[in-house]
Amino acid sequence: MTSALLGTPADTVGEPSSGQRTPRRPFGRRRRASPRNTLTPGAGLGLGIAMIWFSLLVLIPLIAIIVTAGEGGWSAYFNVLRSDQTWAAVKLTVGQAAIVTLINIVVGTIIAWVLVRDQFWGKSLLNIIIDVPFALPTIVAGLVLLSLYGPESPLGLQWANTERAVMLALAFVTLPFIVRTVQPVLEELDADVEEAAASLGARRGTILRRIILPSLAPAIAAGAALSFSRAISEYGSLVLLSGNLPFRTEVVSVRVLTFIENGNTQSAAALASVMLAVALVVIVALDIVQRKVANRG
Amino acid sequence: MKLTPQASRRLAAASLASLVALTACSTNSDGATAEGGVSLDLVAYSTPETAYNEITANFAKTTEGEGVEFQTSYGPSGDQSRAISEGGQAADFVNFSLEGDLTRLVDADLVAVDWNAGEHQGIVADSVVVIVTRPGNPLGIKGWEDIVKPGVEIVSPNPGSSGGARWNLLAAYGHALEVNGGDEKAARQYLVDFFNNAVALPGSARDALTSFTSGVGDVLISYENEAILARQNDQELDYIVPDETLLIETPAAVTKDAEPEAQSFLDYLYTDEAQASFQKYGYRPVVDGVTGEVDGANDPADPFPTPKVLFTIADDFGGWPAAAEKFFADGEDGEPLGLVAEVQQETGKLGE
């Protein structure tokens, strides 16, 4: 799986899922007696670099978090989640992240569709601007949103320091994920198939449901997973906009910071690993849904 | 990309070498600069940056400070302290907004236990808790009682994530104790009213100021020096020094393995010249006899009015460790919740 991510093209790492591509193999390379060690030196190097990099950046810190949290045993988790204030923060964060992800699934797909299929003035500009939420430091994003939706709002919308502010900030920073994952897939999608379906009498709705959506499902699911994980961990854009009011607008990352400020690394790690578990569950669930939808095509 | 085994072995060796080189890139902390002078790592909380720019420049002109250069780092007090104690950030001289951030370094054996044994107990600059209002004070706020009236919107940094926010709440609590003749129940009720009026508890003192100047709330609880600095930077706001308030003391120290020049710098901070720089940017000097006008103060000629009652952490709250335990404990260690945390939970649920 790692090698697939690496994308070393000519290397014969792992068998392609459909085993019918043998004729395209280079001559003289079908000589492996044992299927266990299929790595060429180049691929081995690639895998090595990937694993070292991945371990240094992700695996070791993650294990450190879980080990720190685990030092207190189950009671540490129990204690953290027993606090009403923390529980309220978890509910708010997961709830708002879910809502924002659902919005992104719909709006992000529509934006991607418009960018790929339609021609209009300013399209290429819009295409560039989509990435701005990625490029903007999140604290600046918070400032911008505060001036737009705060008490001095030129739009007359006073959403600062409410639950809506949390949703707004999360929606802002996660917008590009689904647009950017769906866009390339949509570009590759063969219009011929849609035309063929139409000529066979399929209505727009049917084409969308049976042809377009199943091909887009993996991309949408991948984008949704990114968007959800990013949303439950957001901090920067929220600190100014949400007001961090306990039970109302306080998110998990602010709780974690509170634990750290009080020297409770263990509670901070326990809460962080709970959020990791939530993210994992959602990512797996999205993958299952995605497979179901894709299979309907 | 097809690699011959030899080529790939060479590549592997190269990448391994670069990895070793990467890990070997630890911070250069021997403190010598190219010209043979000394470089000091100054790590401090965010607010005194402007003052330190001036102070370090003046220090370089003295005989002790000749040839001394500074590598400065400013950020949230707690983060800075953790970066040194846990992250191994190099530091010769440190200045925090809260004593707890300094004692963390004492616990980590990075700062001597007797850091506060000197004449000034390790404090380099003072300030007081003030109430910041909109320009012209349209609500006519005169003190702590006015901000808990119904409908007044309070902005104050989050006592959970911001260490500095604790000064504010202790000042408010101290006031309530004072006017209610030491009745702790009444003082607690004051905190309840306070949090019922809180519309935003931003992450840090700086965030709270940004939030307030962006239009959130009617009053901001902040420090006198923050308010003065904001006014120097043309922010439109006014502030009042309440009759009862708390003395804010910011501790500084040199680390154990600091360059000797760091101690000279710390000594220099208590000279009239350095204290005048602190004063210029809104801090109350810790030595007597420092004069000079303070731009941005309510009365630049008499910048620091003496409040009727000035609480101190040591005399009125039994020192920081006791105060932290009593007011801000988060209950995660099985101990009871601190008073402030408890009130926050109570008022938060009501507002749900």
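Mentor: Helix H8 of chain A (residues 163-188) has 26 residues, which at 1.5 Å a residue should span 38 Å, and its end C-alpha atoms agree, being 39 Å apart. The expected span is 1.5 Å times one less than the number of residues. Helices (H or I, at least four residues) are DSSP runs numbered from the N terminus. This is a predicted model, in which local features need pLDDT of at least 70, side-chain atom pairs count only at pLDDT 80 or more, and totals for chains, interfaces and linings use all residues. Residues are numbered from 1 along each chain as its sequence is written, while chains are lettered from A and ligands numbered from 1 in the order in which they are written.

Trainee: Where in H8(A) does a kink lie?

Mentor: A bend is the angle between axes fitted to the seven residues ending at a residue and the seven starting there. In H8(A) a kink of about 40 degrees lies at A:Thr174, shortly before the proline A:Pro176.

Trainee: How is a pair of packed helices described?

Mentor: Two packed helices are described by the angle between their axes and the distance between the axes. H3(B) (residues 77-85) and H4(B) (residues 99-107) pack at about 5 degrees, with axes 9 Å apart. H3(B) and H4(B) are therefore roughly parallel, a term for angles under 35 degrees.

Trainee: Into which domains is chain B divided?

Mentor: Chain B is divided into domain 1 (5-124 + 249-280) and domain 2 (127-247 + 304-347), with bounds from an automatic or database domain assignment. Their contact takes 12 residues from domain 1 and 10 residues from domain 2.

Notes: Axes fitted to C-alpha atoms, helices over the stretch in contact; angles between N-to-C directions. Helix = DSSP H or I, 4+ residues; strand = E, 2+ residues; numbered from the N terminus. Parallel < 35°, antiparallel > 145°, perpendicular 65-115°, else oblique. Contact = placed C-beta atoms within 7 Å.
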